[in-house]
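I opened my notebook today to look through one structure, entry by entry.

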Amino acid sequence: MGLAEPRLAFACSGDGEPAAAADVIIAGRVVDLALAPEVEGVGTPRTVAVRMTFEVDRYMKGAGPATFTAFDVASAEFGPGVAEANWDDAHLDELVFSGGGGACGALDADPRGQYWVAGLVRQPDGTLHTNRLLVFGIGVSADDPVVLDAIGRFEAASSDLVPPAAGGAGLLDASEGRDSGSPIFVVALSALVVAVALSARRVSR
């Protein structure tokens, strides 16, 4: 991508209750970060997407597995010392984080080790993306006052907090873009449909 090529950027604004825009809301720790060249960054020509891996303690909206990945497409960029021709060989420690730049990036620093209370938005391809408006609290641990305050606000508003599902049922697997629900349920449902159809044919004869 040439430096002169424009990037589409949106002002970071939203209407109504931010939590309503999230497909899932989680409380958990960011345990890994990786460059995501397969996903286009949004913002400046030097913006690159990153893949974040979360270990989730609980879901405050939706449900899903204990570990999953999500993308931030508007926070990280390579500094001026990294030529675009060398991006394929660049490293995470050469990234500059500026999520507050106006494109709703959620990262102002390397997030590894941080504990998040945040919402994520599912894209048409099934991946989950961060959004600055949906970051409700970031702390150093699960008992950080900022984290506890954010969780407390959700607990006061809802009794639907759930632990991560062992099999990931209910959340689209962001790394594979497919439903990770139980195949046993699908087989059982298919068998029931066939049985009903055969019974209806016998009755009609």
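**Entry on Phe68.** I looked up Phe68 and found its place in strand E3. Helices (H or I, at least four residues) and strands (E, at least two) are DSSP runs, numbered from the N terminus. The model I am reading is predicted, so local features need pLDDT of at least 70 and side-chain atom pairs count only at pLDDT 80 or more, while totals for chains, interfaces and linings use all residues. Residues are numbered from 1 along each chain as its sequence is written, and side-chain values use heavy atoms, with hydrogens and water left out.

Is Phe68 buried or exposed? I noted that Phe68 counts as buried, at 6% relative accessibility. Buried means under 20% relative accessible area, exposed means over 50%, and partly exposed lies in between (1.4 Å probe, protein chains only).

Which residue stands opposite Phe68? I found Phe54 there. Phe68 and Phe54 are 14 residues apart along the chain, and I read 5.6 Å between their C-alpha atoms.

**Entry on the strands.** I then looked at the pairing of E2 and E3 (residues 67-78), which is antiparallel over eight bridges. Two strands pair if DSSP finds at least two bridges between them. In the hairpin of E2 and E3, I counted five residues between the strands, and Gly62 takes a positive phi near 75°.

I moved on to E1 (residues 24-35) and E2 (residues 47-61), which run antiparallel and are joined by ten bridges. Here I found Asp32 opposite Thr53 in E2.

**Entry on the cores.** Which residues have the most contacts inside the largest nonpolar core? I wrote down Phe54, Phe68 and Trp116, in a core of 25 residues. A nonpolar core is a set of buried Ala, Val, Leu, Ile, Met, Phe, Trp, Tyr and Cys residues joined through side-chain atoms within 4.5 Å. At least two residues of this core come from each of E1, E2, E3, E4 (95-97) and E5 (115-122). E2 gives the most, with six residues. I also found a second, separate core of 13 residues, and Ala22, Tyr115, Phe136 and Ala150 are among them.

**Entry on the salt bridges.** How many salt bridges does the structure hold? I found five. A salt bridge is a side-chain nitrogen of Lys or Arg within 4 Å of a carboxyl oxygen of Asp or Glu.

One of them pairs Arg132 with Asp108, with the closest N and O atoms 2.8 Å apart. This pair links distant parts of the chain, 24 residues apart: Arg132 is in the loop between E6 (128-129) and E7 (135-139), and Asp108 is in the loop between E4 and E5. Arg132 is partly exposed at 29% relative accessible area, and Asp108 is partly exposed at 46%.

I looked up Asp110 and Arg112 next, and the closest N and O atoms of their salt bridge are 2.5 Å apart. Asp110 is partly exposed at 31%, and Arg112 is partly exposed at 40%.

My last stop was helix H1 (residues 145-157), where Arg153 and Asp149 both lie, four residues apart, about one turn of the helix. Their side chains meet in a salt bridge of 3.3 Å, N to O. Arg153 is partly exposed at 44%, and Asp149 is partly exposed at 45%.
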